Amino acid sequence: MQMTFRWYGDDDPVKLWQIRQIPGVTGIVSAVYDIPVGEEWPLELILELKRKIEAAGLQLSVIESVPVHEHIKLGLPGRDRLIENYRRTLRNLGQAGIGIVCYNFMPVFDWTRSQLDYELEDGSTALIYEEEVVRRMNPLTGELQLPGWDSSYRKEDLQLLFEQYASVDEEKLWDNLSYFVKAIMPAAEEAGVRMAIHPDDPPWPIFGLPRIITDEAALDRFLRLYDSPVNGLCLCSGSLGANPANDFPDMVRRFGRESRVNFVHARNVKITGERSFEESAHLSSAGSLDMAEIIRALRDIDYAGPIRPDHGRMIWGETGKPGYGLYDRALGAVYLNGMWEAIGKERAAGQQ
Ligand code: DNO
């Protein structure tokens, strides 16, 4: 297991030298941020990012994300040109020596929350999701500002997207995903890049838009679309774990045995009601997920890929990008590594 940390580039208030000082973190998860969705990422910009990270004594382990253009998710006629650009980007990434690419297939909105600065009992703040509140939100007013929401959409664009998605139900979205996956995976294979689809967050439909990567059956169906280790998963404990019916350690073991776990996001969530949760500290006792069991499952499959502490709370007065402060994520990284070490040593001793 390689401990990594997400970094949003030069504009990120968290700096590479700070990440370098977190014990056990060796890899960076990042992206080339200033290319419009759907365009090819030039090799030179990828290499520039890589050099910057390496100069700080770290490794560029994962690209998260190469976003998928809405026209591909909608299955519109222009998708082949966009898919061709995606393939070219994968080739360039492979040429730059990048081994893993994370992406998602959520219509319009990436991860969604109802509040960014909910104050927890200890005075820290966290992101929360309350279904009741989300139901009352109107995404078409253009006034909502939430992390993960592409603020570049204008009101008219959103209106149009919602109209276009009116004819895309879950099965149609599966068809469009299948078309995309079958088109890009051969290029990923050639480029030596393993793909990791991120589950939908939260794992249920929002604003009437379909969401399909939500549970074990869906992950299984997804993997069968193209049977190769290149077509793999980013198992995200916080996304899948928001539904108590999802058994995350079980998914790690099952899909790990099939060599389809290419990336892991570790985050704890505290389920507070039906389709409602708070993002908590990573510690098992802070949330609803048993993080030790998750690490045990990763040990069971001898997981050798990258993992990152996913969102953290804002603690110690830190301000910045919600979910992506330095301190709580750093605590998460150290905690996860601590369990990895302890469980590994215990097992090694047991085998002697
Ligand atoms: C949220 C992240 C997601 C993730 C994308 C992958 O913090 O986990 O935004 O990067 O869904 O494409």
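Reader: How many nonpolar, polar and charged residues are in the lining of the second largest pocket?
Author: This is a predicted model, with pLDDT of at least 70 needed for local features and 80 or more for side-chain atom pairs, while totals for chains, interfaces and linings use all residues. Numbering starts from 1 along each chain as its sequence is written, and side-chain values use heavy atoms, leaving out hydrogens and water. Counting Ala, Val, Leu, Ile, Met, Phe, Trp, Tyr, Cys and Pro as nonpolar, Asp, Glu, Lys and Arg as charged, and the others, Gly among them, as polar, the lining comes out as seven nonpolar, one polar and five charged.

Reader: Which residues lie nearest the centre of that second largest pocket?
Author: A pocket here is an open set of points on a 1 Å grid over the protein atoms alone where a 1.4 Å probe fits, with protein on both sides within 12 Å along at least five of seven lines; lining residues have an atom within 4 Å of a point. Of the 13 lining residues, those nearest the centre are Gly9, Asp10, Tyr33, Asp34 and Lys52.

Reader: What is the bridge partner of Tyr129 in S11?
Author: Strands S6 (residues 125-130) and S11 (residues 276-280) run antiparallel and are joined by three bridges. Over in S11, Tyr129 is partnered by Phe277.

How values were computed: Pairing = 2+ DSSP bridges. Helix = DSSP H or I, 4+ residues; strand = E, 2+ residues; numbered from the N terminus.
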